[in-house]
Amino acid sequence: MTKEPSSHRVEQYTRTLVFEGPAKAHLYASPILPEEEQLFKTIDLLWQNMQIVEPKTEFRSALHAQLIEEAKREQTMQQLGFPKENHRSRKPWIASAAALGAAATLAGAFAYWRWTTSRQAA
């Protein structure tokens with residue numbers, strides 16, 4: 001048996017857990033190898049404690065109004081023949097924050113996995 005869990009198994013387990021639930025994930029990963037047990041327990045704990053955050057209705061309404069206003073402005077600019085502006089907004093977007101949070105969570109789980117495997121090797 002291998003001393004390190006397969007990154008493919010960890011990734012597939014996590015995807016199955018998120019999209020199909022814990023029962024399917026456990027079926028996919030069965031049997032869980034002894035060297036993978038702690039890592040899969042950590043993934044399970046992260047999944048159970050993470051909560052989906054929905055933006056408030058006020059934020060969604062304001063964002064919708066801003067997007068409609070910007071679309072109308074762009075349409076007017078095109079009709080008048082002005083060249084398209086290439087500037088980046090300095091306002092943070094919720095999608096970027098969500099992606100960053102997800103990446104940080106995965107990085108933390110990976111770092112924990114690497115830390116536990118390096119401790120076992122020592």
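## Salt bridges

Three salt bridges are found in a search of the whole structure, a salt bridge being a side-chain nitrogen of Lys or Arg within 4 Å of a carboxyl oxygen of Asp or Glu. The structure is a predicted model, in which local features need pLDDT of at least 70 and side-chain atom pairs count only at pLDDT 80 or more, while totals for chains, interfaces and linings use all residues. Residues are numbered from 1 along each chain as its sequence is written, and side-chain values use heavy atoms, with hydrogens and water left out.

One of the salt bridges joins the side chains of Glu11 and Arg15, with an N to O distance of 2.8 Å. Glu11 and Arg15 are separated by about one helical turn because they are four residues apart in helix α1. Helices (H or I, at least four residues) and strands (E, at least two) are DSSP runs, numbered from the N terminus. Glu11 is partly exposed at 40% relative accessibility, and Arg15 is partly exposed at 46%. On this scale, buried means under 20% relative accessible area, exposed means over 50%, and partly exposed lies in between (1.4 Å probe, protein chains only).

Glu70 has a relative accessible area of 35% and is partly exposed; Arg73, with 32%, is partly exposed.

Arg73 forms a salt bridge with Glu74 as well, the closest N and O atoms being 3.6 Å apart. Through shared partners, the salt bridges join Glu70, Arg73 and Glu74 into one network. Glu74 is partly exposed, with a relative accessible area of 22%.

## The nonpolar core and Ala25

Which residues make up the largest nonpolar core? The nine residues are Val10, Tyr13, Leu17, Ala25, Ala29, Leu39, Phe40, Ile43 and Trp113. Helices α1 (7-20), α2 (22-29) and α3 (37-49) each supply at least two residues of this core. A nonpolar core is a set of buried Ala, Val, Leu, Ile, Met, Phe, Trp, Tyr and Cys residues joined through side-chain atoms within 4.5 Å.

Is Ala25 buried or exposed? Ala25, which is found in helix α2, counts as buried because its relative accessibility is 0%. Leaving aside residues up to four places away in sequence, Ala25 touches Tyr13, Thr16 and Leu17, where contact means heavy atoms within 4.5 Å. Ala25 and Asp44 are 19 residues apart along the chain, and their C-alpha atoms are separated by 9.7 Å.

## The largest pocket

The largest pocket has a volume of about 1,000 Å³ and is lined by 28 residues. Of these, Val18, Met50, Ala102, Thr105 and Leu106 lie nearest its centre. Helices α1, α3 and α5 (94-121) each supply at least two residues of the lining, and α5 gives the most, with eleven residues.

On a 1 Å grid over the protein atoms alone, a pocket is an open set of points with protein on both sides within 12 Å along at least five of seven lines, and lining residues have an atom within 4 Å of a point. Grid points are joined across faces, edges and corners, and a volume is the space filled by probe spheres set on the points.

## Confidence in the model

The chain averages a pLDDT of 79, and 85% of the residues score at least 70; pLDDT is the predictor's confidence in each residue, from 0 to 100. Confidence is lowest in α2, at a mean of 76, and highest in helix α4 (residues 57-80), at 92. Where pLDDT is low, the predicted coordinates should not be read in detail.

Key: 1 Å grid on protein atoms, 1.4 Å probe; cavity = no way out; pocket = protein on both sides within 12 Å on 5 of 7 lines; lining within 4 Å.
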